[in-house]
Amino acid sequence: MKLNDIIDLEYLVRKDDDLDSESRVQACIDRDRRIYSDLDGKTLDRKGLVAGWLDRRREQEAGVTLPGTVFGSLYRLTGYIMTAAGLFSGICLTASFLAYHGNRPVNVTLFASVFILLPLIFTAIAAFAGIRRQMANGDSFSFSIGSALVSSLLFKGLPRLLKRFDWDLISRGQDTAHLSAMMLKMRAETFKGLFYWPFFILTCLFSIGFSAGALGITFFRIMVSDMAFGWQSTLLTSPATVHDIVSRVAWPWGLWMPEQLSFPTLAQIEGSRIILKDGISVLATQDLTSWWPFLCMGILFY
């Protein structure tokens, strides 16, 4: 059962629970008995009965925009927005990093830290959170930061924004969207764990867009301009150490790519080391341009 199904189920159950007259309660009981008979409840398990009841109730509420429908539409739209925001951020940030004016090469160490190492750290954190959540039977999302962000964005921020543009679904579903937001507040314990995956997926979409923008602008700048890459570090002074680290990082694509393309050789690493007092005039062009396959593949894989 998907999250929008759970939201609709919660809404419809609460709607029945809020009936204030005996005649309406009895009509609700009779309706559920008819649904049970139509579904052949004796042969279905509990999950099948719940799914069948939800489908019948949706058919009966055909003229109403249910909160699950609103959530699904807003969630898809949020996914598009997050992807576009990541793409735009990746393009802008990478373009600023690759602003090469001919006398100062792009710092490989800094570039790899921002566009390879940082996304890798975020992925590891997300994976750790997912593993911890799985080991805790889905209850490790108790800090509710993600659930609060997703519920606020999908049920408060976007509806208010889209109402200004008179979006038909929001105009027709504003009451159910408001009620759904109220349900999320009242039943925070129920929905807290369920909002882990929407939060995780939205952050992944932003990361994918960011990496795609970074990879695209990097490859574009390499094609249309003469780019130079160099490395410098106060801690790592041995080119052999740098070569060892680079070869380990390039292991995933080094299995099938030629070694001369997957990462720079030891001689190229030695030849692309930037020493401030010497400048770059003493460095060979082929060494300064040897880093771009490694950087592009690093963005693509990590």
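A residue counts as buried under 20% relative accessible area, as exposed over 50%, and as partly exposed in between, with a 1.4 Å probe and protein chains only. By that rule Ala-284, at 25% relative accessibility, counts as partly exposed. The structure is a predicted model, in which local features need pLDDT of at least 70 and side-chain atom pairs count only at pLDDT 80 or more, while totals for chains, interfaces and linings use all residues. Residues are numbered from 1 along each chain as its sequence is written, and side-chain values use heavy atoms, with hydrogens and water left out.

**Helices H2 and H3**

- Helices (H or I, at least four residues) are DSSP runs numbered from the N terminus, and the axes of helix H2 (residues 22-38) and helix H3 (residues 46-60) come within 10 Å and cross at roughly 120 degrees.
- That angle makes H2 oblique to H3, because angles under 35 degrees count as roughly parallel, over 145 as roughly antiparallel, 65 to 115 as roughly perpendicular, and the rest as oblique.
- The axes are lines fitted to C-alpha atoms, for helices over the stretch in contact, and the angles run from 0 to 180 degrees between N-to-C directions.

**Salt bridges**

- A salt bridge is a side-chain nitrogen of Lys or Arg within 4 Å of a carboxyl oxygen of Asp or Glu, and by this rule the count comes to six.
- Asp-5 forms a salt bridge with Arg-58, with the closest N and O atoms 2.6 Å apart, and this pair links distant parts of the chain, since Asp-5 lies in helix H1 (residues 3-17) and Arg-58 in helix H3, 53 residues apart.
- Asp-5 counts as buried because its relative accessibility is 16%, whereas Arg-58, at 24%, counts as partly exposed.
- Asp-5, Asp-8 and Arg-58 are linked in a network of salt bridges.
- The side chains of Asp-38 and Arg-56 also meet in a salt bridge (3.4 Å, N to O), which joins helix H2 to helix H3 across 18 residues.
- Asp-38 counts as exposed at 52% relative accessibility, while Arg-56 counts as partly exposed at 27%.

**Pairs separated along the chain**

- Ala-284 sits in the loop between helix H13 (266-271) and helix H14 (285-288), and its C-alpha atom is separated by 8.9 Å from that of Gln-268, 16 residues apart along the chain.

Note on methods
Helices (H or I, at least four residues) and strands (E, at least two) are DSSP runs, numbered from the N terminus.
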